[in-house]
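Please look through the sequence and the model before reading the points below. They are meant as a colleague's note for someone who is new to reading structures.

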Amino acid sequence: MGGGEDGSPRPGLTCLAVGGGTDGKLAICGGEDGKAYVVHISGKKLVATLPHFEEQQQQSNNGNNNNDNANDNAMDDDTETEARSIEAVGFCPGAIPGTAHWCATGGVDGVLKIWNLNTATSGGTAQLRQRCVREDVPSQSAGITRLTWHASLPMVICSYTDGVVGVWDAR
């Protein structure tokens, strides 16, 4: 039951939030594969796939200057072993006007991403509204461990592996 269609193991799920969307029947799961999956609980339908790490991977590939094959292979090996899991997810409370379809993902890279699910085609990628990165630490040195939305404001509160709590305006 836990394997892929071809019998291979699926990446593990690391976090879960429920109660999203205008009807409160959306669930979001973060995965070890660097993606979050939003599903409609009643309809048993994949609403969106959120590629938290896709942008970083493309930048790594584009930044590759192809000086020699040995360096290219070493860079590829480093990228493959880099942790890429999503550790925190959450939905914006429906009581905040105009935000019923917003959600957030937080990864081991320390990046918080705010997504708009209204723009997702069935099972497709939602619009990335905002990418929030701390400026006080080197890239990927403090991952996000938890996130929660403020009850009445479009703000996200995150905790980090270095003991910092961050507050982000999602507007």
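Which residues line the largest pocket?

1. The lining consists of Arg 10, Pro 11, Leu 13, Cys 29, Asp 33, Tyr 37 and Val 39. A pocket is here an open set of points on a 1 Å grid over the protein atoms alone, where a 1.4 Å probe fits and protein lies on both sides within 12 Å along at least five of seven lines, and lining residues have an atom within 4 Å of a point. The largest pocket holds about 290 Å³ of space, a volume being the space filled by probe spheres set on the points. Five of its lining residues are nonpolar, two are charged and none is polar, where Ala, Val, Leu, Ile, Met, Phe, Trp, Tyr, Cys and Pro count as nonpolar, Asp, Glu, Lys and Arg as charged, and the others, Gly among them, as polar.

2. A word on how to read the values. This is a predicted model, in which local features need pLDDT of at least 70 and side-chain atom pairs count only at pLDDT 80 or more, while totals for chains, interfaces and linings use all residues. Residues are numbered from 1 along each chain as its sequence is written, and side-chain values use heavy atoms, with hydrogens and water left out.

3. The chain contains two helices and 11 strands, which are DSSP runs numbered from the N terminus (helices H or I, at least four residues; strands E, at least two). Along the sequence they follow the pattern β-β-β-β-α-α-β-β-β-β-β-β-β. Of the 171 residues in the chain, 37% are buried, a word that means under 20% relative accessible area, whereas exposed means over 50% and partly exposed in between (1.4 Å probe, protein chains only).

4. Four strands build an open antiparallel sheet in the order S5-S6-S7-S8, and two strands count as paired if DSSP finds at least two bridges between them. Strand S5 (86-91) and strand S8 (127-132) each have a single partner strand, so one side of each is left without a neighbour in the sheet. Neighbouring strands of this sheet are turned by 20 degrees against each other on average, direction ignored, with axes taken as lines fitted to C-alpha atoms (for helices over the stretch in contact) and angles running from 0 to 180 degrees between N-to-C directions.

5. S6 pairs with S5 over five bridges in the antiparallel sense; Ala 88 stands opposite Gly 106, and Gly 90 has Ala 104 as its bridge partner. Five bridges also join S6 to strand S7 (residues 112-116), where Trp 102 faces Asn 116. S6 and S7 form a hairpin with four residues between them, and Gly 110 in the turn has a positive phi of about 80 degrees.

6. Is S6 enclosed or open to the outside? Six of its six residues are buried, so S6 is largely enclosed by the rest of the structure. In a regular strand the side chains alternate between the two faces of the sheet. Here Trp 102, Ala 104 and Gly 106 point one way, while Cys 103, Thr 105 and Gly 107 point the other way.

7. The structure holds three salt bridges, each defined as a side-chain nitrogen of Lys or Arg within 4 Å of a carboxyl oxygen of Asp or Glu. Arg 134, which is buried with a relative accessible area of 9%, meets Asp 136 at 2.9 Å, N to O, and Asp 162 at 3.0 Å, N to O. Asp 136 is exposed at 56% relative accessibility, whereas Asp 162 is partly exposed at 38%. Asp 169 forms a salt bridge with Arg 171, with the closest N and O atoms 2.9 Å apart. Through shared partners, salt bridges join Arg 134, Asp 136 and Asp 162 into one network.

8. Most residues other than glycine have a negative phi. Lys 44, although not a glycine, has a positive phi of about 50 degrees. Lys 44 lies in the loop between strand S3 (35-40) and strand S4 (45-51) and is exposed, with a relative accessible area of 76%.
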